[in-house]
Amino acid sequence: MMSTPSPASARRAELPAAAAAAVTVVLWASAFVSIRSAGDAYSPGALALGRLLAGALTLGVICLVRRETWPPRSAWRGIALSGVLWFGFYMVALNWGEQQVDAGTAALVVNTGPILIALLGSRLLGDPMPPRLLAGMAVSFAGAVTVGLSMSGEGGSSVLGVVLCLLAAVAYAGGVVAQKPALGSAGPLQVTTFGCLVGAVVCLPFAGQLVQEAARAPASATLNMVYLGVFPTALAFTTWAYALSRTTASRMGATTYAAPALVVLMSWLFLGEVPGLLTLLGGALCLAGVAVSRSRAATRAGTPGAVPEPRPERAPDSAR
């Protein structure tokens, strides 16, 4: 008879994935500060291409050191789709959209992404939708709306900007859902590296702009672009893929709702933007919702009708 792992051992097994998700969210939140700085000197397409080239170079070196092989053929469809949608289209659309609308509007629209991930994951991947996940997402989305409303008012908004942010959210959700099956046969580093390369190829039409703008951009803007490629792209997308391979797309999408709270904190520390009470309340709601969405309902062993939450399939050791 197969023994059932204890709750304590199950929690310990989840710690590496939770730590990887935390690294991802912190680095993606830090990207907000860097994009604001680099965006003054680089156009949306050039910034996306420069970021992806820096990320691809970093990941390529790591792959050479680790002697990573090419991903199996079965993973290429997901890698290509996530590369086009998430690494390529999403980054350009988001950079462009944030130049057209104020930060609050961008936050409101882009934060529909985790909801779309949950809906697509349930429909296409068969992800479970437990009540705690739905409740946590509702609380976090309310927090994101609160943060967005508190940050709106001074900047201008345009229909084009709202559409671009909405397209970015759709591309983000589609990229995550496409990436999940690829992680069943390829390792997180493989999926991230080749997805980043696909995104860089998609953005190659902006190469001329990148060369021209890099020649006159201040060093701080270029350093921020390189930072975006090395940390929020190369490192954070790899830790994201690692965590995603060990849980559902819906739960990982809900985890990213912690980012608005961290952005508020980082803007306070690094940009001197003191948050108001409404902003702090929204950030607290975002974190509370993430905590609820990642929690598990307590059930007693042998309780009639108690069904454990399905565990995602893990990639074979040879594929990691």
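Contact here means that heavy atoms lie within 4.5 Å of one another. In this predicted model, Thr238 is found in helix H10, which spans residues 219-244, and, when neighbours within four places in sequence are left aside, Thr238 is in contact with Leu59, Pro188, Leu189, Thr192 and Thr233. The relative accessible area of Thr238 is 17%, and this residue is therefore buried, given that the term applies under 20%.

Aromatic pairing was examined next. A search of the whole structure finds 13 aromatic pairs. In one of these, the rings of Trp28 and Trp240 have their centres 5.1 Å apart and their planes at 35 degrees, so that the pair is classed as tilted. Because Trp28 lies in helix H1 (residues 7-38) and Trp240 in helix H10, the pair ties together parts that are 212 residues apart in sequence. Both partners are buried, Trp28 with a relative accessible area of 18% and Trp240 at 1% relative accessibility.

A further aromatic pair is formed by Trp76 and Phe194, whose ring centres are separated by 5.4 Å and whose planes stand at 70 degrees, an edge-to-face arrangement. This pair also links distant parts of the chain, as Trp76 belongs to helix H3 (residues 76-100) and Phe194 to helix H8 (residues 188-202), 118 residues apart. Trp76 is partly exposed, with a relative accessible area of 28%, whereas Phe194, at 12% relative accessibility, counts as buried.

Trp28 and Trp240 also belong to one aromatic cluster, which they form together with Trp86, Phe87, Tyr90, Tyr172 and Phe237.

Definitions and conventions:
Residues are numbered from 1 along each chain as its sequence is written. This is a predicted model: local features need pLDDT of at least 70, side-chain atom pairs count only at pLDDT 80 or more; totals for chains, interfaces and linings use all residues. Side-chain values use heavy atoms; hydrogens and water are left out. Helices (H or I, at least four residues) and strands (E, at least two) are DSSP runs, numbered from the N terminus. Buried means under 20% relative accessible area, exposed over 50%, partly exposed in between (1.4 Å probe, protein chains only). Rings of Phe, Tyr and Trp (its six-membered ring) pair if their centres lie within 6.5 Å; planes under 30 degrees apart count as stacked, over 60 as edge-to-face and the rest as tilted.
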